[in-house]
Every structure is written in C-alpha cells, then in structure tokens.
Amino acid sequence: MTTLTSRCPHCQATNRIPEARINDAPNCGKCQSALLDGKPIEGTTDNFAALLNSDKPVVVDFWATWCGPCQSFAPAFEAVAEQESGRARFVKIDTEAQQALAAQYRIRSIPTLMVFKNGERVDVLNGALPQNAFSDWVNQHLS
C-alpha cells in the first residue's frame, strides 16, 4: 500500500496516510486535528503527486524563506486556506528545500501561485496579491 507522508500543520508531527484514504479527511495521530484541510500543507517530493491526485482542487504557493514578498503574502495564503477549508487543498512548497519540484514546475520567480484540478495545472500567477484579490483568484477556479 502506497502512503503519503505529511507533517501536521498544527503540531508538526509526521503522519503517514494511505493514498487511498486521502479523500477521507484524515486526522493527525498525535493531536487529532485535520491534516489536509484548513491550513497550508508542506509540499515535498514525497507527497506532492498524491496531493495533486486528490478529488479537491489544489492551490500551491512556491516560496522561499529569504523572499520578502513571500513572507508578506504568507498570512493571506493562510487566511484563504482557512476560508476555503473543505473546498480546496492549499500547499506551500519551499523552493530551496524542494529544488526538484521547483525545477519540475519551472519556477523562475517567487512567489509563484498555481491551481491544479484533477492533477492538471489550470492557472499560474507570478507575484504576491492582497488577500481579497487572492481570494477572488482562487474562487474563480473553485466555482
């Protein structure tokens, strides 16, 4: 059985989730909080493909710790992730730590935002947005 390894966005515990159960709203084994909804998920080469193949749209923020616009956009990304909990998955990929993913998706500037549906990229946006504009952009892909 193939599993997805994801860090809990609440307590940071590592959890293994069978890929067949990704759509079952799994909870953290340590703190019992939702693992995949309501807060951004840390995207890695180990879990990203499984996240993309879930039944929900996936909104991705490619970012880096040294990037000022990325840092200032992070609260807006988190707020919209909470607001759209249950409708989409929100994933943050640190381009420094996940260089293979950054190369695979040809990230040339950060932040870069992408929306995926059924594993296919449907839109890309380069640069940070104010929270309302980001929420509107996400909602146009969720309706």
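Helices (H or I, at least four residues) and strands (E, at least two) are DSSP runs, numbered from the N terminus. With those labels in hand, open the model and follow along. This is a predicted model, in which local features need pLDDT of at least 70 and side-chain atom pairs count only at pLDDT 80 or more, while totals for chains, interfaces and linings use all residues. Residues are numbered from 1 along each chain as its sequence is written, and side-chain values use heavy atoms, with hydrogens and water left out.

**Stop 1: Gln83 and helix H2**

Select Gln83 to begin; its place is in helix H2. Gln83 counts as partly exposed, at 43% relative accessibility, where buried means under 20% relative accessible area, exposed over 50%, and partly exposed in between (1.4 Å probe, protein chains only). Now show what surrounds Gln83. Apart from neighbours within four places in sequence, Gln83 is in contact with Gln131, Ser135 and Asn139; contact means heavy atoms within 4.5 Å.

Next, colour the whole of H2, residues 68-83. This helix has 16 residues and reaches 24 Å from its first C-alpha to its last, close to the 22 Å expected at 1.5 Å a residue. The expected span is 1.5 Å times one less than the number of residues. Where does H2 bend? Go to Ala74: the helix bends there by about 35 degrees, and a proline, Pro75, follows within four residues. The bend at a residue is the angle between axes fitted to the seven residues ending there and the seven starting there.

Now pick out the buried residues of H2: Cys70, Phe73, Ala74, Ala76, Phe77, Val80 and Ala81. Cys70 has a relative accessibility of 1%. The cover over these buried residues includes S4, S5, S6 and helix H4 (131-142).

**Stop 2: the sheet**

Switch to the strands. Here you will find an open sheet of five strands, with mixed pairing and the order S3-S5-S4-S6-S7. S3 and S7 stand at the edges with a single partner strand each, so one side of each has no neighbour in the sheet. Two strands pair if DSSP finds at least two bridges between them.

Zoom in on S6 (residues 112-117) and S7 (residues 120-126), which pair in the antiparallel sense over six bridges.

**Stop 3: salt bridges**

How many salt bridges does the structure hold? There are two, a salt bridge being a side-chain nitrogen of Lys or Arg within 4 Å of a carboxyl oxygen of Asp or Glu.

Select Lys92 and Asp61 for one of them; their closest N and O atoms are 2.7 Å apart. This pair links distant parts of the chain, with Lys92 in strand S5 (residues 89-94) and Asp61 in strand S4 (residues 58-63), 31 residues apart. Are these two residues buried or exposed? Both Lys92 and Asp61 are buried.

Glu84 and Arg87 form a salt bridge too, with the closest N and O atoms 2.7 Å apart. Glu84 is buried, at a relative accessible area of 4%, whereas Arg87 is partly exposed, at 37%.

**Stop 4: cysteines**

Display the cysteine sulfurs. A disulfide is a pair of cysteine sulfur atoms within 2.5 Å, and by this rule the count is zero. Cys28, for instance, is in no disulfide; the nearest cysteine sulfur belongs to Cys11 and is 3.7 Å away. Cys28 is buried, at 0% relative accessibility.

**Stop 5: backbone details in the loops**

Gln12, which is not a glycine, has a positive phi of about 70 degrees. Look for Gln12 in the loop between strand S1 (3-7) and strand S2 (14-18); Gln12 is partly exposed, at 44%.

Gln32 is also not a glycine and has a positive phi of about 70 degrees. Find Gln32 in the loop between S2 and strand S3 (41-42), where Gln32 is exposed, with a relative accessible area of 51%.

Last, select Ile110 and Pro111: the peptide bond from Ile110 to Pro111 is cis, with omega near -5 degrees. Pro111 lies in the loop between helix H3 (99-104) and S6.
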